[in-house]
Amino acid sequence: MEMTPAASRAVRQAQDRARLDQSQQIETRHLFQALIADDEGRAHTLLTSLGVDLSSVMEDAPESTSEESSLPLSESAQQAMTTARELASLLTEDRSILTEHLLLATIRVDQSIKDQLVAAGLDFDCFERSI
């Protein structure tokens with residue numbers, strides 16, 4: 001199953017965030033932060049259109065690293081990727097994983113991300129219906 005260029009870019013940016021944190025693996029919070037960092041991206045636009053104040057949950061974006069070796073996904077990030085694949089199978093004709101699928105998957109898998117977004121104004125049920 002393929003990821004869209006935007007979804008692939010988000011995973012690469014999540015890896016940069018993990019390296020900046022000196023983490024040995026990519027966590028769901030790295031994926032989440034990468035998804036919302038692109039203020040013209042679908043994930044950012046979708047959340048802000050639903051009234052979410054992302055400034056309260058955003059972290060500073062790291063500079064891109066020059067390291068080429070890839071970091072593994074944590075167990076929760078692997079679970080988020082599996083969930084994103086399942087969403088893509090259900091919701092898109094060509095089954096491509098979109099940034100929206102990654103976003104919903106990280107929120108479903110990591111309760112702390114969901115809690116942050118709800119505190120920032122997210123109506124989760126409305127969000128799920130919009131995907």
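Trainee: In which loop is R95 found?
Mentor: This is a predicted model, in which local features need pLDDT of at least 70, side-chain atom pairs count only at pLDDT 80 or more, and totals for chains, interfaces and linings use all residues. Residues are numbered from 1 along each chain as its sequence is written, and side-chain values use heavy atoms, with hydrogens and water left out. Helices are DSSP runs (H or I, at least four residues), numbered from the N terminus. R95 is found in the loop between α4 (75–91) and α5 (99–109).

Trainee: What is the phi of R95?
Mentor: Most residues other than glycine have a negative phi. R95 is not a glycine, yet its phi is positive, at about 65°.

Trainee: What is the relative accessible area of Q22?
Mentor: Q22 lies in the loop between α1 (5–20) and α2 (28–37), and its phi is likewise positive, near 60°. With a 1.4 Å probe and protein chains only, buried means under 20% relative accessible area, exposed over 50%, and partly exposed in between. R95 is partly exposed at 47%. Q22 is exposed, with a relative accessible area of 70%.

Trainee: Which residues of α5 make the contact with α3?
Mentor: Helix α3 (residues 42–49) packs on α5 at an angle of about 60°, with the axes 8 Å apart. Contact means heavy atoms within 4.5 Å. From α3 the contact is made by R42, A43, L46 and L47, and from α5 by T99, E100 and L103.

Notes:
Helices (H or I, at least four residues) and strands (E, at least two) are DSSP runs, numbered from the N terminus. Axes are lines fitted to C-alpha atoms, for helices over the stretch in contact, and angles run from 0 to 180 degrees between N-to-C directions.
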